[in-house]
Number of protein chains: 2
Amino acid sequence: MTANPAYEALTIDTLPTRLGQVAALTAQVGGGDWQVQEVGDGNLNLVFIVTGPRGKAIVKQALPYVRLVGDSWPLPLYRAFFEYNALTRQAARDPGSVPVIHHFDETQALIVMEFLEPHRILRRKLIDGERVAGLAAFLGRFCARTAFRGSELSMASPDKKADVALFAGNVEIPAITESLVFTDPYYAAEMNSHTPGLEPVIARLRADVDLKIRAQQALQRFVSNTETMVHGDLHSGSIMSTADDSRVIDPEFVQYGPMGFDIGMLCANFLMAFFSQPAHRGDDLADYQDWILSVIADVWSTFEAEFRSLWQSERTGILFPATLFEDQGHDSAPACDAVLTGIRRDAWTVCGIEMHRRCLSLAHNADFEDIEDPTIRAPLEARNLMLGADLIRTAETITGAEEVCDRARGYNTTDVI
Amino acid sequence: MTANPAYEALTIDTLPTRLGQVAALTAQVGGGDWQVQEVGDGNLNLVFIVTGPRGKAIVKQALPYVRLVGDSWPLPLYRAFFEYNALTRQAARDPGSVPVIHHFDETQALIVMEFLEPHRILRRKLIDGERVAGLAAFLGRFCARTAFRGSELSMASPDKKADVALFAGNVEIPAITESLVFTDPYYAAEMNSHTPGLEPVIARLRADVDLKIRAQQALQRFVSNTETMVHGDLHSGSIMSTADDSRVIDPEFVQYGPMGFDIGMLCANFLMAFFSQPAHRGDDLADYQDWILSVIADVWSTFEAEFRSLWQSERTGILFPATLFEDQGHDSAPACDAVLTGIRRDAWTVCGIEMHRRCLSLAHNADFEDIEDPTIRAPLEARNLMLGADLIRTAETITGAEEVCDRARGYNTTDVI
C-alpha cells in the first residue's frame, strides 16, 4: 500500500513503447502502428483508447491522486487491484455485464479491457434524450445477481469472509463515499458547492435532525454491513450503452456493503436525469420523462423477480436454509419478502442521500451541471433535493418504485423555490 | 492456516520442560519446581495452572479439534491468535476487564496469562446461589466500552477496516455460532439434543415461520454486520468472579459483529440461570431470582449510561459527527437513542435465540444440565424456551430490560408443559 517507485503514468507518447510487448493487448489490436487517444473524463484515472491494425482496446490506469482535484489529494494506486478483482467477480456473477478484461498489471495500476463500441456513457445519452432498449432489465438483473451471488445467501461462508477481508483493503476510495456522499451534504463542508438560490432548501435539510440521523444510520450500515460485494458507484456515468446494449464499468469503489446500495444509487441518478429534463428537452419532454420513470419501475420489478428466482434456485449459503423452511413444509417466500423489505429500506435511503450529495457536495453530475443558467438549474435541483429528503424520511414505508415515481411526478410540477 | 508440524499439545508432564525457559512465565511463577494441573472444563482447549515458588499462572493451549466432540471435529489452532488479539483489544478498550497476558506463542497456539484467584466461573456461582457485588456494573461497562470503542463511532475508519480484515480470518469458530446458535435449534440437526417432554414446545417453535425468519435475519446481521469487535461467546461460563471482582475470559469466538450481540447473549445466560433456580435453591429462591433479574436490569442501565457518556466524550469517528449535530446547535442525543434502539433490537433477538440453542442444540449449559431429573428440568426449560420465542418475536418493540424481567417473572410461574 506504499508508493511504488516502479509506477509511471502512461502518456499517449509512451504507451506504444511501454505496452507494445503485452501479448494480451497486441492480440486485441494487432502489432505495429498504434493510435492512442486519452479520453478519461472521469474524476480519477487515465483512460486511453489504443487503435491498432486489428482493433481497439481500452487501457485504464490509476493516477496517484484525485484527477478532479489534483495532486493535493493523493489516492492509492492499489484501487486498480480492487477494480480488477471486482470486474472478475461481476463477470462471474452476471456474465456479460462488464467489459472483458484482457490484462492486469498491478505495479502499473493498469487494466487492459474491451473497447466498447458504439457504446456511450449513459448519462450523456440521458441528457441527449436517447432511449436504450433493455436497459432496465439489464440493470435490474445486474443488481439482483451481484447482490444475491455475493452474499451468504449463495456464497460459502469461508469464501465470503476471505472476500470481505480482501476488499476491506480498499480504504481511501470508499472513504470518499463515506464523507462526500453521506455527510458533507448536511453541513458546510469545505469542498461543497451549490447553485445559488438553493439556500432555503439546504437550510431545511440541515435543520432536520431526524433526516440527518437517518442519513448517518445509512452511513453506519454502509461502513459496517458486508451483506454483498457492491459496485459502490453505480450511477449513469458508470454505465455504457448503445441503443440496445449496456455494460457496467468502473467498479473501483467496490466494497462489501448493503445489498440495497447499488440499486439505490442507480435510481437516484435516474431521478436526477428525470428532474433535469425540462432544461434539456423540447416537445418530447413528457414522453421522455415518462420513459425514465418507467426505467426506474422496471429496474425494480426485474430486480425483485430475479432476486426471488435466485432465492428459489441458488439459495445454497448458510442464510435461510431449506432445512428451516422447505424441508419443514414451509414456504420461504415470506422470508424472501423480509429480505427484500430490508433492501428497499436501504436502497431508498441511499437514493435520497445520493440525490442530495450530487447537488450539494463535491462531484456534481452533468444532468444538472450542463444547465448553464443557474436560475433554470436551481428550481430543478430544488425539486430533486425535496424528493430526496422525502425518500430518506420515509424509506421504511415506501411500498415500491411506483410510489417513488408518483412522488417524482408530483415534485416535477411543484415550485419548491 | 495449515496444520503446523511444530505444534505439540502440552501435558502436565511436558509443560515444565517445554516452558521452563519462557521468561515471561518464570517471572510470574519463579523458576525451579513447578506443580502443573490441567483444569480445562470447557469445550475446546487445554488449560493448565502452573504453580511455582513465586506464584501461579494460566497456560491455555488450543487443541486442533473440538474437545467436547473429539478429533472427528477438527478446529484450527489459529484461534489462539485471534483470542490473543481480542484480549489485547479488550484490555485497551476496557482496562482491567480481562486477565493480564504474559506471553503468546503462535506456533504452539498458547497463551500464558494471569491466574485469577479466588475467582470461579460465574455460571458455577449462579448455580450455587452466590452473589457478586458490582457484577452488573462491570458487565454493562464492558459491553458498552467494547461496543463503542470498537466501532466507527470511535475508531478511525482505516484502523477499523484493517481490524475487520484481520478478524475475518477467524472462520471456523464463528461458523460454530452460525450453525449451532442461529439455525440448529429450529430443525432436527444431527447433533441436537433436548430433555424429553419438550417436544410440544419445540414443535411450536419450528412451526413458527415468522420466528424462524427473525432468527435468520439475526444470523444475516451476525455474519454481515461488522459494527464492532464482539467477544462472541459472552456467557456466564466466560466470566470469572469473586464476591466482588469479575473478569471476562475466553474471547476465541471474537469477530466483528453487531453491537448488541454480546449483551444479548449475556442476558440470555442470566435468564437461564433465573429459570433454572427452582431446582437449585431452597428458601432463598425468590430473593436469589430477584437478584439475578436485578443484574439484568442493571447491566442494561449501566450499558446505556456508559454508551451515552462515551457518545458525548469519545465520538471521534466518522459516524454521527459533531459537524452535523452539535456544531449546528442540534443535540445529538436523539441520534444516540436511535443507535441504542437498534442495539436493543439486535440484543433481544440474540438473547431469545441463545435461550433456545442452549436447550435444543449442542453444548447445553450447566444451569439446566445439572438438574438430574428430566421431569424437573423439562418444565423449567420450557419456560425458558417460551420467553425466548417471545423475545425474538417482539425484539423491535421491547422498551427495556425491566419489561423483559417482568415477562420472565410471568413465565416463572406458568406451567408451559
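Trainee: Which residue forms a salt bridge with K161(B), and how far apart are the closest N and O atoms?

Mentor: A salt bridge is a side-chain nitrogen of Lys or Arg within 4 Å of a carboxyl oxygen of Asp or Glu. In this predicted model, K161(B) pairs with E178(A), and their closest N and O atoms are 2.6 Å apart. Between chain A and chain B the count is 2 salt bridges. Residues are numbered from 1 along each chain as its sequence is written, and chains are lettered from A in the order in which they are written. Local features need pLDDT of at least 70, side-chain atom pairs count only at pLDDT 80 or more, totals for chains, interfaces and linings use all residues, and side-chain values use heavy atoms, with hydrogens and water left out.

Trainee: How many residues of each chain are in contact, and what area is buried between chain A and chain B?

Mentor: The size of an interface is often given as the accessible area lost when the parts come together. Buried area is that loss, found with a 1.4 Å probe and summed over both parts; contact means heavy atoms within 4.5 Å. Here, 44 residues of chain A are in contact with 44 residues of chain B. The buried area is about 3700 Å², with 66% given by carbon and sulfur atoms. K161(A), Q220(A) and L324(A) supply 16% of the area that chain A buries against chain B, more than any other three residues.

Trainee: How many residue pairs are in polar contact between the chains, and which helix gives the largest share of the side of chain A?

Mentor: A polar contact is a pair of N or O atoms within 3.5 Å; within protein, one must be able to donate a hydrogen and the other to accept it, and residues adjacent in sequence count only if both atoms are side-chain atoms. Between chain A and chain B there are 16 such residue pairs, both residues being at pLDDT 80 or more. Helices are DSSP runs (H or I, at least four residues), numbered from the N terminus. Helix 9 of chain A provides the largest share of the side touching chain B, 9 residues.

Trainee: Into which domains is chain A divided, and how many salt bridges lie across their interface?

Mentor: Domain bounds come from an automatic or database domain assignment. Chain A is divided into domain 1 (15-114) and domain 2 (120-412). Their interface holds 7 salt bridges. D250(A) forms a salt bridge with K60(A), with the closest N and O atoms 2.5 Å apart.

Conventions. Buried area is the accessible area (1.4 Å probe) that two parts lose on being put together, summed over both. Helices (H or I, at least four residues) and strands (E, at least two) are DSSP runs, numbered from the N terminus.
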